[in-house]
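The following exercises concern a single protein chain.

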Amino acid sequence: MAEQDTLHHATEQAWAFCAPAPQPRPASARRPEAATPLHLPERRLASHLFLACTPAQAADTEQRMRSLYQRLLIDIRRFPRLAQRHSDGPHAAEGGSLGWVTRGMLPACLERVLFALDADTLSPVFRSPDGFHVVYCSGIRPHGVWLPEQA
């Protein structure tokens, strides 16, 4: 039971950044001058493949990652299947999908690489202190302002 409590608590922390969905206001309460614009940051639709290693395993792990990378260059549609089978990342079960990501949601080493990519682009293999990574940016939503509907 303690494991479930820990998992539940960790899940709550992971989703704490999500604001609750706005509740619609009654038509009588809607006034154009009361509409507040929402400033949305740039978002990237990302996937992540990660192979963990110790310093002693680095050469073998890098070779494995480069082999997976070559397979992704041939057909990027393999990303979810390869991530499920090989990734040590926390999102491996979801095919490596990180969903829509904004700055500040990922570790700095991943964020730098992801936000330097164009849409539909695979990063080169890169190393962090924990292992080797490949990031795929499948979409970009630029920053902007969203105005709520006015009655």
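**Exercise 1. Salt bridges**

Solution. Step 1. Arg66 has a relative accessible area of 37% and is partly exposed; here buried means under 20% relative accessible area, exposed means over 50%, and partly exposed is in between (1.4 Å probe, protein chains only). The model is a predicted one, in which local features need pLDDT of at least 70 and side-chain atom pairs count only at pLDDT 80 or more, while totals for chains, interfaces and linings use all residues. Residues are numbered from 1 along each chain as its sequence is written, and side-chain values use heavy atoms, with hydrogens and water left out.

Step 1. The criterion for a salt bridge is a side-chain nitrogen of Lys or Arg within 4 Å of a carboxyl oxygen of Asp or Glu. Side chains of opposite charge can pair when their charged atoms come close.

Step 2. Arg66 forms one of them with Glu62, with 3.1 Å between the closest N and O atoms. Glu62 is partly exposed, at a relative accessible area of 27%. The two residues, Arg66 and Glu62, are four residues apart in helix H2 (residues 58-74), and therefore about one helical turn separates them. Helices (H or I, at least four residues) and strands (E, at least two) are DSSP runs, numbered from the N terminus.

Step 3. A salt bridge also joins the side chains of Arg44 and Glu42, at 2.6 Å from N to O. Arg44 counts as buried at 6% relative accessibility, whereas Glu42 counts as partly exposed at 23%.

Step 4. Asp75 and Arg77 form a further salt bridge, their closest N and O atoms being 3.0 Å apart. Arg77 is exposed, with a relative accessible area of 69%.

**Exercise 2. Confidence and overall architecture**

Task: Determine which residues have pLDDT under 50, and give the order of the elements along the chain.

Solution. Step 1. pLDDT is the predictor's confidence in each residue, from 0 to 100. Its mean over the chain is 82, and 72% of the residues reach 70 or more.

Step 1. Residues 1-23 stay under 50, and the model has one contact beyond four places in sequence for them; contact means heavy atoms within 4.5 Å. Where pLDDT is low, the predicted coordinates should not be read in detail.

Step 2. The chain has four helices and seven strands, in the order α-β-β-α-α-β-α-β-β-β-β from the N terminus on. Of its 151 residues, 29% count as buried. Among contacts with a separation of 6 or more, 62% are between residues 24 or more positions apart.

**Exercise 3. Helices and their surroundings**

Step 1. Met65 belongs to helix H2 and counts as buried, at 0% relative accessibility. Leu49 is 16 residues from Met65 along the chain, and their C-alpha atoms are 8.8 Å apart.

Step 2. Cys109, in helix H4, is partly exposed, with a relative accessible area of 22%. Between Cys109 and Pro129, 20 residues apart in sequence, the C-alpha distance is 9.8 Å.

**Exercise 4. A backbone angle**

Task: Where does Asp120 lie, and what is its phi?

Solution. Step 1. Asp120 is in the loop between helix H4 (108-114) and S4. Asp120 is exposed, with a relative accessible area of 54%.

Step 1. The phi of Asp120 is near 60°, a positive value in a residue other than glycine. Most residues other than glycine have a negative phi, and most peptide bonds are trans.
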